[in-house]
Amino acid sequence: MKIITVIPAYNEEEAIENVVKGVKKYSDVMVVDDGSTDNTASLAENTGAQIIKHEKNIGKGAAIKTGLERAIEDDYDLIVLLDGDGQHDPQCIPLLLDGMDGVDLLIGSRFLNMAPHNMPLPRRISNGITTSLIRFVTGYHITDSQCGFRVMSKKAAPFFTGISYNDYVYESEVLCKASENNLVVGELPIQCIYGNEKSYVRTRHVVHYLMFTLRLLVRKMLRRI
């Protein structure tokens with residue numbers, strides 16, 4: 001079985017080498033450098049990752065779509081998604097891969113069967129609100145809609161390459177698209193490491209996400225009519 005891990009990355013030179021080294025133990029590695037202005041791409045390539053580079057920063061969702069398109073083209077059976085900032089522990093990859101039996105999309109949950117004490121409180125609150133909304137709209141009984149540590153099958157991946165969002169909204173829309181296409185979504189617990197990593201979420205992203213949530217509610221109401 002061919003397995004690849006796609007790592008979207010933007011200015012992650014401090015963490016990317018260790019992330020790639022950890023992932024290489026379990027799968028092929030592709031780093032999609034989303035217009036970094038530091039040494040992310042060269043460090044990842046020297047560590048053994050396949051590199052795709054955006055000339056300018058477009059957004060995490062765009063980087064994921066670029067990686068998925070290449071993984072589909074290269075006929076990988078399973079595609080792992082993992083952030084490049086060191087929050088996700090590559091040692092969880094085998095656990096998530098083992099959970100793919102009968103599942104199209106598997107989410108690594110920071111909330112399933114545990115309390116994420118190391119997650120910043122504002123992030124915990126926003127995640128809880130968003131996850132409740134996604135549960136309402138999709139019907140999936142998930143606990144963590146925002147985690148970027150995921151695995152998808154090659155059957156599922158093509159459904160997510162045409163999503164119009166390029167920013168952080170993309171990961172929520174993936175779950176909506178999965179629901180619309182009757183894909184099986186599962187969860188398994190993971191732990192994340194929170195340190196001094198940078199946040200690239202800006203006011204415009206928050207506004208964009210608010211608009212997205214309004215559209216979700218409209219979609220739900222239209223389905224009931």
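Among contacts in the protein chain that link residues at least 6 apart in sequence, 74% join residues at least 24 apart. The model is a predicted one, and its chain holds seven helices and seven strands, which, read along the sequence, follow the pattern β-α-β-α-β-α-β-α-β-α-β-α-β-α.

**Burial and surface**

- Of the 225 residues in the protein chain, 53% count as buried.
- The accessible surface of the protein chain amounts to about 10800 Å², and carbon and sulfur atoms account for 53% of that surface.

**A nonpolar patch on the surface**

- Leu121, Ile125 and Ile129 form a nonpolar patch on the surface, and together these residues have about 310 Å² of accessible area.
- Ile129 belongs to helix α5, which covers residues 121-138.
- Ile129 counts as exposed because its relative accessible area is 58%, whereas the cut-off for that class is over 50%.

**The cavity**

- The count comes to one cavity of 30 Å³ or more, and the volume given for the largest cavity is about 50 Å³.
- The lining of the largest cavity is made up of Ile64, Leu81, Gly148, Arg150, Met152, Tyr170, Glu171 and Val174.
- Strand β6 (150-153) and helix α6 (169-180) each contribute at least two residues to the lining of the largest cavity, and the largest share, three residues, comes from α6.

Terms used: Residues numbered from 1 in each chain as written. Predicted model: local features only at pLDDT ≥ 70, side-chain atom pairs only at ≥ 80, totals over all residues. Heavy atoms only, no water. Patch = residues over 30% accessible without salt bridge, like charges linked within 9 Å, V, L, I, M, F, W, Y side chains within 5 Å. Areas by Shrake-Rupley, 256 points an atom, 1.4 Å probe, with all protein chains shown as cover. Salt bridge = Lys/Arg side-chain N within 4 Å of Asp/Glu carboxyl O. Helix = DSSP H or I, 4+ residues; strand = E, 2+ residues; numbered from the N terminus. Buried < 20%, exposed > 50% of the residue type's maximum accessible area, 1.4 Å probe, protein only. Contact = heavy atoms within 4.5 Å. 1 Å grid on protein atoms, 1.4 Å probe; cavity = no way out; pocket = protein on both sides within 12 Å on 5 of 7 lines; lining within 4 Å. Points joined across faces, edges and corners; volume = space filled by probe spheres on them.
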